[in-house]
Amino acid sequence: MRITVFGATGGVGQEIVGQALAAGHEVTAVVRDPDRLPERLDRAALAAVVRLDDPAAVAGRDAVLSGLGSRGRRADGVAERLTGRILTAMEAEGVRRLVVVSAVPVGPEPVGDGLVDRLALKVVGAVLADVYADLTRMEAALARSTTDWTAVRPPKLTDGPLTGVYRRVVGGAPRGSRSVSRADVAHAMLALVEDPAAVRRGVGVAY
C-alpha cells in the first residue's frame, strides 16, 4: 500500500512510519524539517521525505495518515490548520482515505465509566482545553470534507512498547480509558486504514 505520513518526526508519526515500513508499505514521510527525521527511521527505505508545503505529498497515495498535533498545552490551532491543508491537497488529488490522531475527550463520554474516571477526564479536559478545542474543530473540518476519514481518539499517550493488544470502540471510547502507547496507537491507525466500519467515524483506542 502506498501511504503518506504527516508529522513523521512526532511520537505517533515515527511509530506509523516504522511499522508501515516493517509491514512492507511504500511510505512518504512529510515533515517540517527533513533534517529532523530521527536516525531510528531508515531514510533509505522511504519512498520520499518531503516538507509540509510540498503539493505532491499526497499524489497517488492509497491512504494518508496524520500524527500531527500540539506538543504542549497551547495548540494555536495547529491540528485544525494543518489538517485543513491536508484535506485540501487530498481533495485536489482525488485521494480519499485519511486516518488522523484526535483524543478521547473530543468524542462521547465512555459509557459506564465510574466517578473517578469521569472526574479525571474532566480535569484533563480543563487543563488541555485549548488542545481539545483545536481537535474538535479539526474533527468538524473532517466531517465537512469529502474524504473517507477516521479520527483515532486515544487517552493519555505513553512511550510504552508495541503490544498489539488494546481495546477499540467505533463511535465511542472503551470504558475506563486511561492510557495507551504511541506504538499501539500507530498500530491501530494502520489497521483501521482498511476497516470500512471506521470510515467517517471516531474510534476510541485504549488498554
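**Helix packing and a pocket in a predicted model**

Helix 2 (residues 78-93) supplies the largest share of the lining of the second largest pocket, namely four residues. Helices here are DSSP runs (H or I, at least four residues), numbered from the N terminus. The model is predicted, and local features need pLDDT of at least 70, side-chain atom pairs pLDDT 80 or more, while totals for chains, interfaces and linings use all residues. Residues are numbered from 1 along each chain as its sequence is written, and side-chain values use heavy atoms, without hydrogens and water.

The lining of this pocket comprises 13 residues, with Leu52, Asp53, Asp54, Arg85 and Ala89 nearest its centre. A pocket is an open set of points on a 1 Å grid over the protein atoms alone, where a 1.4 Å probe fits, with protein on both sides within 12 Å along at least five of seven lines; lining residues have an atom within 4 Å of a point. By class, the lining has ten nonpolar, no polar and three charged residues (nonpolar: Ala, Val, Leu, Ile, Met, Phe, Trp, Tyr, Cys and Pro; charged: Asp, Glu, Lys and Arg; polar: the others, Gly among them).

Helix 2 also packs against helix 4 (residues 129-144): their axes, lines fitted to C-alpha atoms over the stretch in contact, come within 7 Å and cross at roughly 20°. The two helices are therefore roughly parallel to each other (angles under 35 degrees count as roughly parallel, over 145 as roughly antiparallel, 65 to 115 as roughly perpendicular and the rest as oblique). Val78, Ala79, Glu80, Thr83 and Leu87 in helix 2 are in contact (heavy atoms within 4.5 Å) with residues of helix 4 including Asp134, Leu135 and Arg137.

For helix 1 (residues 11-22) and helix 5 (residues 182-192), the axes come within 8 Å and cross at roughly 55°. Helix 1 and helix 5 are therefore oblique to each other. Their contact divides into eight nonpolar, three polar and two charged residues.

Note on methods. Axes fitted to C-alpha atoms, helices over the stretch in contact; angles between N-to-C directions.
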